[in-house]
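Here is a short report on a protein model and its ligand. Look at the backbone first, then the core, then the ligand shell.

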Amino acid sequence: MLNQEQIKSFQENGFIRLPQIYTPAEVEAMRTELDQLIQDWATTNMGWSGPWRNVYMDPDTEKRSMLTHLHDLHFYSEAWCHAVANPTLAASLADLIGPNVELHHTTLHVKPPETGMPFPLHQDSPFYRHEGFGYIDAIVHLDDTNDENGCLRFVPGSHKNGHIEHITQVDGQGCSPHLPTDQWNLENTVACPAQAGDVVAFSIYTVHGSYINQTNRWRRLVRLGYRDPMNKQLAGQSLGRAGLMVHGVRPAGSLAAT
Ligand SMILES: O=C(O)CCC(=O)C(=O)O
């Protein structure tokens with residue numbers, strides 16, 4: 001599904017944009033059902049905590065900044081159940097971590113208009129630690145993104161050495177895992193703008209983040225986490241839960257490895 005150049009680019013940079021994985025009709029169905037899920041099930045609050053908030057936002061914006069989120073949309077909606085098993089996406093991921101690919105989780109991140117929360121630089125590994133490299137997050141774009149509404153931004157090559165320790169406590173208080181802003185700043189990252197229907201895929205270890213949504217429109221992205229079923233999970237979100245096999249078959253012994 002992917003050509004050698006795309007595979008090499010992913011191995012080198014740790015991220016790749018996969019254009020138009022979803023048709024306009026599929027995007028429309030996902031948007032429609034997402035609207036209902038947001039109304040009925042999602043949470044809107046200040047989002048991630050930590051001292052990084054005062055680095056990327058002035059005090060007034062920081063107070064008003066919001067994030068809308070929800071886990072495991074595919075348990076709530078037919079359109080999202082189809083979306084996670086998209087054969088083109090599954091085959092592309094198999095080219096990167098396959099041949100066997102298991103869905104691990106899905107998570108919605110909506111940045112509301114004008115104050116939709118920025119994300120400080122981080123890896124996704126602190127949220128669901130795994131032993132090896134066979135894990136990819138695939139971000140489904142329901143809206144076109146750019147820096148104005150908070151597109152994904154990456155540190156190319158940052159995945160290569162695996163997990164980095166994150167700040168998880170400040171003055172004895174827990175906070176959302178993030179990297180120190182004096183060493184890892186959004187300014188020193190590469191933007192990855194994308195179109196609705198695209199997927200941006202990256203390693204669990206690729207350092208990434210995004211700016212605040214300054215536009216008057218919602219920015220809707222959904223993260224689909226996939227792994228090689230033999231990649232043992234150590235801690236965090238969805239630990240011990242088996243997921244759908246979207247490519248290949250579950251190898252003997254891999255359930256014990258979750
Ligand atoms: O939604 C964003 O802008 C960032 C999302 C993110 O960092 C993640 O899903 O790991």
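Asp171 sits in the loop between β8 (167-170) and β9 (173-178). The model is a predicted one. Asp171 is not a glycine, yet its phi is positive, about 50°. Asp171 counts as exposed, because it has 6 C-beta neighbours inside 10 Å.

Asp72 also calls for a look. Its phi is positive, about 60°, although Asp72 is not a glycine. Asp72 lies in the loop between β3 (67-71) and α5 (78-84). With 17 C-beta neighbours inside 10 Å, Asp72 counts as partly exposed.

| Residue | Phi | C-beta neighbours inside 10 Å |
|---|---|---|
| Asp72 | about 60° | 17 |
| Asp171 | about 50° | 6 |

Most residues other than glycine have a negative phi, and most peptide bonds are trans. The bond from Gly98 to Pro99 is cis, with omega near 15°. Pro99 belongs to the loop between α6 (87-97) and β4 (101-111).

Next, the core. The largest nonpolar core holds 58 residues. Those with the most contacts inside it include Leu93, Ile136, Val199 and Ala201. Leaving aside residues up to four places away in sequence, Val199 touches Leu18, Ile21, Leu89, Ala138, Ile139 and Val140.

Last, the ligand. Which residues are around the ligand? They are His109, Phe119, Asp124, Gly150, Leu152, His208, Ser210, Leu221 and Arg223. By class, this shell has three nonpolar, four polar and two charged residues. Two strands, β12 (208-210) and β13 (219-227), each supply at least two residues of the shell.

Technical notes: Residues numbered from 1 in each chain as written. Predicted model: local features only at pLDDT ≥ 70, side-chain atom pairs only at ≥ 80, totals over all residues. Near = placed C-beta within 6 Å. Helix = DSSP H or I, 4+ residues; strand = E, 2+ residues; numbered from the N terminus. Nonpolar A, V, L, I, M, F, W, Y, C, P; charged D, E, K, R; others polar. Core = buried A, V, L, I, M, F, W, Y, C linked by C-beta atoms within 7 Å. Buried ≥ 20, exposed ≤ 12 C-beta atoms within 10 Å, placed from the backbone. Contact = placed C-beta atoms within 7 Å.
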